[in-house]
Structure formats: structure tokens, C-alpha cells
Amino acid sequence: MYDELKYWYLRDHKLFRALSMSQIKQLCIIVGFKKAKKGEIIYFSDSEVPRIFLLKRGNIKIVSVDEDGNETIKDIIQKGDLFGELTLESDKTSNEYAKALTEEVSICSFLLSDFENLMLKHPDLALSYTKFVGLKMKRIRNNYSNLMSKDAKYRLKTFLLDWVEKEGKINNNSATIENYLTQNDIAQIICTSRQTAIILINELEQNEILKYNRKEIIITDLKKLKEF
């Protein structure tokens, strides 16, 4: 039953659509599987055994730590996304970790060496992986460019609209998002102080654009948010 669950999950993932049924079953043999609770550290970039991770359920944040110990949220990982040693090289100079944001987090993982061998055997998988990671890196670069060139209000608006598009339940001109981020998390994502993030969220609430609490965020007027 356990291997069958791994099989169906991998089969349905777009990264592995180039593989046959028998090849996916072989892949299941080298896949590790793990569950994590909210707040649990899942991955450190300086691990002695480098891995590639695939998120099956829940949400994870990737946190980068600079030389002074300051932390910045580099990315929010959602269902079906990859993280870990995506460049297929173990980078001992980077300092980042992955932390579970939601109550139920499930991940599959591959040893970097096993995944490299798999791609050598299956060129179609290597091409699919290159495209998948390329798009992910492009998105991260675009986010960074956007953060550098826009003010905090614009960054918050863009982040919220992107969050709605990915995970929101939209009903006409409103949307509801399950909230697994603290105000400090949101501040880090949009590269501003917690105080500034709180002021901007309060401004959205005062303008009847948003309702914020620890469990959910309700965008009461998407049109107004886009004009914010």
C-alpha cells in the first residue's frame, strides 16, 4: 500500500510524465518519504547527504540566513514543487533551510546521486527537469527584481494577488486564502519591516479590501486590491 501511494503520486506529477509505468515503479524504490509537523525543520543546505525534495502535501518556507544571522524568506514551496539541491550540485557556501508552515506536510525525496543516475538513463526526464527548474528559477529572479524596483505597498499587493491565484478560493470579486503565514513571514517575503507590513495590512482593512486573522485572509474586493 505504501509503495502504491508513492507510485500514484509520482505518476500524476508532470515531471515524471515522460516515464513509463515500469520506470516509475523502479523510481519508487529510491524514493524516501517523510511527514513533518508545523514548525519542523525539514532540510539544511549544508547537509552531508544532499537531496532533492518534492512536496506532496502542505506548505514550506525556504529561509536564507546571511553572515550576520539575519533571516529572509527566499521562497514559499507549495504542493508539487521541488526544493533542495536543484542545481544538481551540493553548494556548501549557501546557508538556508526549509521549515514546515502547515500542520500536515508530506514530502518525497531522492538522494542527489540517485537522481543524477536516473536522468542519465532517461534523457526525457532530464529535459523535463531542466524545464521545470528553469521556470522555477525564473520566477524567483522575477520576484527579486520586483522587490528591488517597487515600494512595499506594491510588493504586498502583488504578493497577495499571486497568493490568491495559486491557492485562493475565488467567489466573484472576493477570495479566501488559508493563512499559514505570520505577519513577520509576510514582511520577510516582501522585504520590509514587520511594522511596515502591519501598517499596510491595517490600511487594507480600513479600506475594506481585506480581513486578516491567523486562520484565513479574506480579500473582500479584488478590484480594489488591484488598484491599491
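Me: What should I know about the model and the numbering?
Reply: The model is predicted: local features need pLDDT of at least 70, side-chain atom pairs count only at pLDDT 80 or more, and totals for chains, interfaces and linings use all residues. Residues are numbered from 1 along each chain as its sequence is written, and side-chain values use heavy atoms, without hydrogens and water.

Me: Where is Cys191 placed?
Reply: Cys191 lies in the loop between helix H6 (183-189) and helix H7 (194-206). Helices (H or I, at least four residues) and strands (E, at least two) are DSSP runs, numbered from the N terminus. Glu208 sits in the loop between H7 and strand S11 (210-212).

Me: Is Glu208 buried or exposed?
Reply: Buried means under 20% relative accessible area, exposed over 50%, partly exposed in between (1.4 Å probe, protein chains only). Glu208 is exposed, at 60%. Cys191 is partly exposed, at 42%.

Me: In which order do the four strands of the open sheet run?
Reply: Two strands pair if DSSP finds at least two bridges between them. Here the order is S2-S7-S4-S5, with antiparallel pairing. S2 (41-44) and S5 (71-77) are the edge strands; each has a single partner strand, so one side of each lacks a neighbour in the sheet.

Me: How many bridges join S4 and S7?
Reply: Five bridges join S4 (residues 60-65) and S7 (residues 96-100), in the antiparallel sense. Ser64 stands opposite Glu96 in S7.
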